[in-house]
Amino acid sequence: MRIEQTSDVWWKNAVIYCLDVETFFDDDGDGTGDFAGLTQRVDYLAALGVTCIWLMPFYPSPDRDDGYDVTDFFSVDPRLGTMGDLVEFIRTAKDRGLRVIADFVVNHTSNRHPWFVEARKSTDNPYRDYYVWRKDTPPDTSSEVVFPGEQTSLWTQDDATGEWYLHMFAEYQPDLNVTHPAVRNEIAKAMGLWLQLGLDGFRLDAVPFFLETRGEPKDEAAKINPHEYLAALRSFLNRRNGTAVLLGEVNLPYKEQLEYFGGSLGNELNMQFDFMSMQHLYLSLARQDARPLAESVKGRPPLHPDNHWAMFVRNHDELTLDKLSDAERQEVFAAFGPEKNMQIYGRGLRRRLPPMLDGDAGRIRMVYSLMFSLPGTPVLFYGEEIGMGEDLKQKSRAAVRTPMQWNTEKNGGFSAAKASELVAPLVRGEYGPEKVNASAAKRDPDSLWNFMATLIQRYRESPELGWGDFAMIDQAEPAVFAHTVSSSGATLVLLHNFGPDPVKVAGKAGPDDVPRRAYKGAILLDLFDGENVPLEPDGGFTVELGRYGYRWFRVHRPGDRLAP
């Protein structure tokens, strides 16, 4: 084991499960999920095998943006419970060996936050500099808005003083001025509170936006290095909890993402979502051709040992395709979102994976197998393990944020409240709880839930996936994504067929310069329920993959210790 391969970096072999407390399970019957309900479902998550729970925002909020419009960074939204309920949940999760991280919104607050209420009162109010203001009329920024159709400008004029305030997102979410020392202190105190209560880190929302220095005078902006602040946050976090993690949302090309890791120092974000691979995964699925994804993954830059990628198929936002070309994006739309109502902002989809793939069980499983096999930490969005669908009747991103489906009882077992009182409607029809629910899935040995539980177990038994070196396998089938991951002398061979036709894959389990004797008597040991495959003396192999087939192997030599 290399010195960096320790439990201090637990997140390199974690399985993260993202959920929104308000849509997970309602304990008190008021129609809104709560921490008491989530605590009751911790054993469900432990049984699935996840190792880290990521909580979407649970802070007090008017809830105009699903909790991302915060009015108090130091408390729990009363709709979800009390601070005591949160602590009980964290304690229960820890008892089951699960870690907990939470969304933290650094870029902005709600316009109802007491800081902004004070800031509006006068231009010399002590809280004025907590936000970004300008006296002159701003230029047209309609082409820069994050949510086309929902925003028309990045600036809104405030009636109280006549000045304009910056909001990279909605007008009710004024941007914080993170260059201001008082704001930085408040953010650190809030993070410190949650760490003290037992959190293991944070998912930072919209990282490039909160490091934006727009609105600062040019001479002042030139003096500011926003990345120094990100490094300072990481340093503060590690002083308070040496194993805590910062997982960042940075939807940028790889070269620019490197800056948010801290470059060669690796001292800013610990992990970032791999948006580039995710987007090219969907292009490969649309084409039934693995090459777009392969080219994207091969373009990943080397990372510092203290950094890592987070892999995902779906998350709580739109399924963005903004890094694809216009023509490529249209290919994905045609395959998986041909109706305008399935698309969002002209750049993405508001759908979940099973409906996009027409419920094709084999193809769905191949996609998740691939996600877990790529070097990086897999991140699941609640309901993925049972194959939940979306509700296109809901607005915008709410289509994929419907209540968890537990059983076939009233409201899918989510809440005892009247249907009209639910925080959000349940999915109906083909993907409704009558056909898709956790209770039935757990009891069906052939269900997606049980497949996912096995997949998680195999992933946890394969530390190479968190620590290893990635390499593509040279082979002739364009529909096949074939790669190895190697670490400390151990090698995994992982094969995935993007096509509907069976194929034969011929390749080598290692580079050409490996001595021939290294493979004498070696086999590809199947890690699921298939047959082992003998290796040629030079490491060559031939493996058949069925329709949307997938195989995981470990190179096993005579005398190697076998896992139980």
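Ala, Val, Leu, Ile, Met, Phe, Trp, Tyr, Cys and Pro count here as nonpolar, Asp, Glu, Lys and Arg as charged, and the others, Gly among them, as polar. The model is predicted, with local features needing pLDDT of at least 70 and side-chain atom pairs pLDDT 80 or more, while totals for chains, interfaces and linings use all residues. Residues are numbered from 1 along each chain as its sequence is written, and side-chain values use heavy atoms, without hydrogens or water.

The structure holds 7 cavities of 30 Å³ or more. A cavity is a set of points on a 1 Å grid over the protein atoms alone where a 1.4 Å probe fits but cannot get out, and its lining residues have an atom within 4 Å of a point. Points are joined across faces, edges and corners, and the volume is the space filled by probe spheres set on them.

The largest cavity has about 80 Å³ of space. Its lining has 14 residues, with Val 132, Leu 176, Asn 177, Glu 212 and Arg 214 nearest the centre; by class, 6 are nonpolar, 4 polar and 4 charged.

The second largest cavity has about 70 Å³. Its lining has 10 nonpolar residues, 1 polar and no charged, and includes Ser 277, Phe 312 and Leu 370. Helix H10 (275–287), strand S10 (308–312) and helix H14 (361–373) each give two or more residues to this lining. Helices (H or I, at least four residues) and strands (E, at least two) are DSSP runs, numbered from the N terminus.

An open sheet of 3 strands runs S11-S13-S12, with antiparallel pairing; strands pair if DSSP finds at least two bridges between them. Strands S11 (319–320) and S12 (343–344) are at the edges with a single partner strand each, so one side of each lacks a neighbour in the sheet.

Terms used
1 Å grid on protein atoms, 1.4 Å probe; cavity = no way out; pocket = protein on both sides within 12 Å on 5 of 7 lines; lining within 4 Å.
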